[in-house]
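Please find below my note on the model under review. The points are numbered so that each may be taken up separately.

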Amino acid sequence: MEARIRRRRALLADTLDELAVRVHPKTIVGDVRTRALSAVDRHAGQAYIAVNRTVTGARTGLMTRDGSPRPERLIPIALVAVGVVGLLVLGVRRRRR
């Protein structure tokens, strides 16, 4: 009977030690920090994949399979870009007057 009580006390002491480590502020901060870094890494990886897909899709739409540009798609985009820049320049000039 006494041996059983000693074993139970030892198990209880081990359990209490483990609980003390788990609820210690340094352990909690470390766990939260680890989870936060993991979430940041996961989201950064997902963002990289999304950007990579977008760039690949845009490149596929603007280039042929052999890597040469498609003028029928690039010329309208260039004209729109020139128009937007022109409007921005006119807006800045009007504000200065």
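1. Leu88 is placed in helix H3; helices (H or I, at least four residues) and strands (E, at least two) are DSSP runs, numbered from the N terminus. Leu88 is exposed, its relative accessible area being 55%, where exposed means over 50%, buried under 20%, and partly exposed in between (1.4 Å probe, protein chains only).

2. The model is a predicted one, in which local features need pLDDT of at least 70 and side-chain atom pairs count only at pLDDT 80 or more, while totals for chains, interfaces and linings use all residues. Residues are numbered from 1 along each chain as its sequence is written, and side-chain values use heavy atoms, with hydrogens and water left out.

3. On the overall fold, the protein chain has three helices and zero strands, in the order α-α-α from the N terminus on. Its radius of gyration is 32 Å, whereas a compact globule of 97 residues would have one near 13 Å; the radius is taken over C-alpha atoms, and the globule rule is 2.2 Å times the number of residues to the power 0.38. Along the principal axes, the C-alpha atoms fill a box of roughly 90 × 50 × 10 Å.

4. How much of the protein chain is buried? Of its 97 residues, 1% count as buried. The protein chain exposes about 9200 Å², of which carbon and sulfur atoms supply 64%; accessible areas come from the Shrake-Rupley method with a 1.4 Å probe, and for residues only the protein chains shown count as cover.

5. Helix H2 spans residues 25-62 and contains Thr34; Thr54 also lies in helix H2. Thr34 is exposed at a relative accessible area of 51%, and Thr54 is exposed at 56%. The C-alpha atoms of Thr34 and Ile5 are 39 Å apart, at a sequence separation of 29 residues. For Thr54 and Leu12, 42 residues apart in sequence, the C-alpha distance is 57 Å.

6. Which residue forms a salt bridge with Arg22? The partner is Glu18, with the closest N and O atoms 2.6 Å apart; a salt bridge is a side-chain nitrogen of Lys or Arg within 4 Å of a carboxyl oxygen of Asp or Glu. By this rule the count comes to one salt bridge. Both residues lie in helix H1 (residues 2-23), four residues apart, about one turn of the helix. Arg22 is exposed, with 54% relative accessible area, and Glu18 is partly exposed, with 42%.

7. A nonpolar surface patch consists of Leu12, Leu16 and Leu19, which together have about 290 Å² of accessible area. Leu12 belongs to helix H1. Patches are made of residues with over 30% relative accessible area and no salt bridge, like charges being joined within 9 Å and nonpolar side chains (Val, Leu, Ile, Met, Phe, Trp, Tyr) within 5 Å.

8. Arg93, Arg94, Arg96 and Arg97 form a positive surface patch. Arg94 is part of helix H3 (residues 71-96) and is exposed at 66% relative accessibility. Over the protein chain, the mean positions of the 20 positive and 8 negative charges lie 15 Å apart. Lys and Arg count as positive and Asp and Glu as negative, without His and the chain ends; each charge is placed at NZ of Lys, CZ of Arg, CG of Asp or CD of Glu.
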